[in-house]
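Colleague: Could we go through the charged side chains of this protein together? I would like to begin with the surface.

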Amino acid sequence: MKCKIMHESKGRMRVRFCINRMTLKQADTAEYALSAVVGVTRVQVFDRTCDIVIAYTCPREKIIGELSAFSFDDEKNTALVPEHTGRELNKQYEEKLAALVIRRAVNKFILPMPIRRIISVIKAAKYIFRGLKCLLKGRLEVSVLDATAIGVSLLRGDFKTAGSVMFLLNVGDILDEWTHRKSIDDLARTMSLGVEQVWIKTSDGQEVLMPVNEVRRGDMVVVRTGSMIPLDGKVVSGDAMVNQASMTGESVPVHKSEGAYVYAGTVVEDGECTIAVENTAGGGRYDRIVKMIEESEKMKSAAEDKASHLADKLVPWSLGGTMLTWLLTRNATKALSILMVDFSCALKLAMPISVLSAMRDCSRAGITVKGGRFMEAIAEADTIVFDKTGTLTHSSPRVAQVITFGDRDEDEMLRLAACLEEHYPHSIANAVVAEAEKRGLIHEEFHSKVEYVVAHGISSMVEGERVLIGSHHFIIEDEQCTPPDERVFRHLPKEYSHLYLAIGGEVAAVICIEDPLREEAADVVKKLHEYGISRVVMMTGDNERTAKAVAEKVGVDEYHAEVLPEDKAAFIRAEHEAGRRVVMIGDGVNDSPALSEADAGIAISTGAAIAREIADITISADDLYALVELKRLSNALMSRIGWNYRTIIGFNGGLIALGVLGVLPPATSALLHNASTLAIGLRSMTELKN
């Protein structure tokens, strides 16, 4: 692609593509393709000017090479662009705002006064009708105040003030709608499936792993516990409990059996089913998500609710103050000055924008937040609960050693373990499969059926014998498999976690899992304490020895070992009963009950599908510093909201006082009020600071 460098500084370059016009699709292609380049930290594309701003840490020559090789028609580039990017939505509302400002300028500076008055009366009819409708329903809300202010201004012949009030109300309505639509659009896009491969059952009963984009209508997809349903379809066999919260808002899993319809994006909490695909590529999922969000109150934070309710509660006081001022002074100008300064515009505009700004900042930091209320929960939390594996430790554990008993072959035991584990999305399972692939072992489908026992392990039948893989508690205590000499168990390497494999009721092998601690874990715990978290707890299904070693290295306040999923959820309930706000962080199927129970559940992006689906927030798996950034941004959001409240109440209260004293005329009060509303709104859009 031919382009010209317009400006350049260290680590930053502004280039202009040598084309006459850039479409929105081309702008998205450029943004996502260049953002995918290793070393590029940020890309901004300006479709109107065909300019691109690139921030980078890699060598300058690499950026030049990528720009030279870039093509809008390259399928590799276009494949990176999601179905919905938000660019079209932003342009739509930018044009709405621009059109509104232009109409206002034409009306004020070009049209003659008689025509301007007629236009003001016509526009005012909408607001007056809205206020009367509210009164007829027996409610005193902001629309009544708006209608009164506009109506009184028109009756007094103050068309300038009436026009200014209506213009600012229009701006507020557009910004509010934009905020709402953008929040919904951002959330719908972040709820994308993230499913790349699926298990397809062939005509001869074999299961084959296939890329999801190669699946065709009528193919049979097998979905098991903890996995996301990748495509819409009908269940042809099996029984499963499906979590449909992402599509229907239902909090209780729904039983699905033969003949039932299932949707892409929902998650199998328990069981297994085979689905006949009816819609490939998750057809219509985005639109269904948008509809679900629009019908839900999940997006709204408590601060937004409070602002909206406070604005409505202040209406009777504003009207009462207006009447009282007129009765005491018999001065319509002083009375009108109160109506010209209402608190609703700023309150209802600044709070949603503040929340959206915070969610945008989170997105830039690799954090997906499903609603403003969860950032409030993070800000108010005093207890944070960590799962260990894949959270405090790296999300890619490794097999360090395979210990076999009797005459069992090491590679054969690893191959068998991988064959069972590859069906279930968990970091330890992934480690076993990865080690088998590294050794060139073929995991054939020679078992008849795999059953997943949540937080314990996996059961299957192989050549007529029952095969189990899981924790010491599951294999030895629950299933009572015959162990080798107990002295052997006592001499297992203590620095590793242990995965037990039993065949025909006897322990056949122990797979030692090396789960390296995240380098930043201890520092993250320390910084969370500094940001206001008083209690950091680690809960794990690992044994006491391993848990204690990790807890000491990380510096958590307390830890709990060998816990079950229900134990984590019960701990959080107990904390709630004690009056504490709790955040839970996990990545596995066994963390889903606790993620649901917490005030804010946080999932790791590489974790199990059900954990990501249930969680309120998802953070990048790159490092845990995203948690610190999330806490910082949440604290900053609440500080900004508090500042907004104080400023709006204080400034507008001062305007009312000056108006009642006759210092400020109504038009000046309205101008200062509207200017302050815009100023606070614009400040609320800026990046959050400490």
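Colleague: Which residues form a positive surface patch?

Modeller: The positive surface patch is formed by Arg103, Lys123, Lys126 and Arg130. Patches are made of residues with over 30% relative accessible area and no salt bridge, with like charges joined within 9 Å. This is a predicted model, in which local features need pLDDT of at least 70, side-chain atom pairs count only at pLDDT 80 or more, and totals for chains, interfaces and linings use all residues. Residues are numbered from 1 along each chain as its sequence is written, and side-chain values use heavy atoms, with hydrogens and water left out.

Colleague: Which helix gives the most to the positive patch?

Modeller: Helix 5 (residues 113-136) does, with three residues. Helices here are DSSP runs of H or I with at least four residues, and strands are runs of E with at least two. Lys126 is found in helix 5.

Colleague: What is the relative accessible area of Lys126?

Modeller: Lys126 has 40% and is partly exposed; buried means under 20%, exposed over 50%, and partly exposed in between, with a 1.4 Å probe and protein chains only.

Colleague: Which residues form a negative surface patch?

Modeller: Glu477, Asp478, Glu544 and Glu562 form a negative patch. Of these, Glu544 lies in helix 20 (residues 544-554) and is partly exposed at 42%.

Colleague: Turning to pairs, how many salt bridges does a search of the whole structure find?

Modeller: The search finds 26 salt bridges, each being a side-chain nitrogen of Lys or Arg within 4 Å of a carboxyl oxygen of Asp or Glu. Asp51 forms one with Arg16, the closest N and O atoms being 2.6 Å apart. This pair links distant parts of the chain, with Asp51 in strand 4 (residues 51-56) and Arg16 in strand 2 (residues 12-17), 35 residues apart.

Colleague: Is Asp51 buried or exposed?

Modeller: Asp51 counts as buried, at 2% relative accessibility, whereas Arg16 is partly exposed at 33%.

Colleague: Which residue meets Asp28 in a salt bridge?

Modeller: Arg87 does, at 2.8 Å from N to O. Asp28 is buried at 8%, and Arg87 is buried at 11%.

Colleague: Which residues are linked in a network of salt bridges?

Modeller: Asp382, Arg535, Glu558, Glu575 and Arg580 are linked in such a network.

Colleague: How many disulfides does a search of the whole structure find?

Modeller: The search finds zero disulfides, a disulfide being a pair of cysteine sulfur atoms within 2.5 Å. Cys134 is buried at 5%, and Cys419 is buried at 0%.

Conventions. Patches are made of residues with over 30% relative accessible area and no salt bridge: like charges are joined within 9 Å, nonpolar side chains (Val, Leu, Ile, Met, Phe, Trp, Tyr) within 5 Å. Accessible areas come from the Shrake-Rupley method with a 1.4 Å probe; for residues, only the protein chains shown count as cover. Lys and Arg count as positive and Asp and Glu as negative; His and the chain ends are not counted. The place of a charge is taken as NZ of Lys, CZ of Arg, CG of Asp or CD of Glu.
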